[in-house]
Amino acid sequence: FEFVQRPREMLQLMFPPRHNFAAYMNFFGREDLTVPRSWYAGFQCPGIVNDMVYVSPGAPFNLWSAQNKLIRWLKKLKRWSPNASTPQSLGYCADQWAMAMFLGEWTSGTCQPLSTK
């Protein structure tokens, strides 16, 4: 990554290191975006873009859990479209939605978005 200025906020979140913590870039104007609670009631990292994520040291990732969330999302999307007049592709934001659920679970909800200011 190339930063225009020193990434103070990110460095403050990274140090001192926390166990199972994540900080991430989020959707500007849609910071509260989550998988609907009626479909997934677990912890989430709201508004995650997934283009830039810092993950601290911690427990090993559960690959089965990550794959399961991605597969569940793809199967759900195949049956649902947020806007019937504009059908979404099968992979519509699949990495963001799966990562919002997976990192939310891994961090027990302590993940934190970077500010959009």
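A: The link of Cys 45 and Cys 111 is left-handed, with -120 degrees about the S-S bond. The two ends sit in distant parts of the chain, 66 residues apart: Cys 45 is in the loop between strand 1 (22-26) and strand 2, and Cys 111 is in the loop between helix 3 (94-107) and strand 3 (112-113). Helices are DSSP runs of H or I with at least four residues, strands are runs of E with at least two, and both are numbered from the N terminus.

Q: What's the S to S distance for Cys 45 and Cys 111?
A: That disulfide comes out at 2.2 Å; the cut-off for calling one is a pair of cysteine sulfur atoms within 2.5 Å. The structure holds 1 disulfide.

Q: Are Cys 45 and Cys 111 buried or exposed?
A: Cys 45 counts as buried because its relative accessibility is 0%. Cys 111 is buried too, at 9%. Buried here is under 20% relative accessible area, exposed is over 50%, and partly exposed is in between, with a 1.4 Å probe and protein chains only.

Q: Before I get carried away, what kind of model is this?
A: A predicted one: local features need pLDDT of at least 70 and side-chain atom pairs count only at pLDDT 80 or more, while totals for chains, interfaces and linings use all residues. Residues are numbered from 1 along each chain as its sequence is written, and side-chain values use heavy atoms, with hydrogens and water left out.

Q: OK, zoom out. What pattern does the protein follow along the sequence?
A: It reads α-β-β-α-α-β, which comes to 3 helices and 3 strands. Of the 117 residues, 32% are buried.

Q: And in what order do the strands form the sheet?
A: The order is 2-1-3, in an open sheet with mixed pairing. Strand 2 and strand 3 are at the edges with a single partner strand each, so one side of each has no neighbour in the sheet. Strand 1 and strand 2 run antiparallel, joined by 4 bridges; strands pair if DSSP finds at least two bridges between them. Ala 23, for instance, has Tyr 54 in strand 2 as its bridge partner.

Q: Which strands does helix 3 touch?
A: Helix 3 packs on the sheet against strand 1 and strand 2, and its direction makes about 35 degrees with that of strand 2. The axes are lines fitted to C-alpha atoms, for helices over the stretch in contact, with angles from 0 to 180 degrees between N-to-C directions.

Q: Switching to Ser 56: where does it lie?
A: Ser 56 is in the loop between strand 2 and helix 2, and it is buried, since its relative accessible area is 6%. Its side chain reaches the backbone oxygen of Arg 18 at 2.6 Å. A polar atom of that side chain also lies 3.3 Å from the backbone nitrogen of Asn 20.

Q: Which residues does Ser 56 touch?
A: Leaving out residues up to four places away in sequence, Ser 56 touches Arg 18, His 19, Asn 20, Phe 21 and Trp 106. Contact means heavy atoms within 4.5 Å.

Q: Last one: which residues is Phe 61 in contact with?
A: Setting aside neighbours within four places in sequence, Phe 61 contacts Val 55, Phe 102, Leu 103 and Trp 106. Phe 61 is partly exposed, at 47% relative accessible area.

How values were computed: A polar contact is a pair of N or O atoms within 3.5 Å; within protein, one must be able to donate a hydrogen and the other to accept it, and residues adjacent in sequence count only if both atoms are side-chain atoms.
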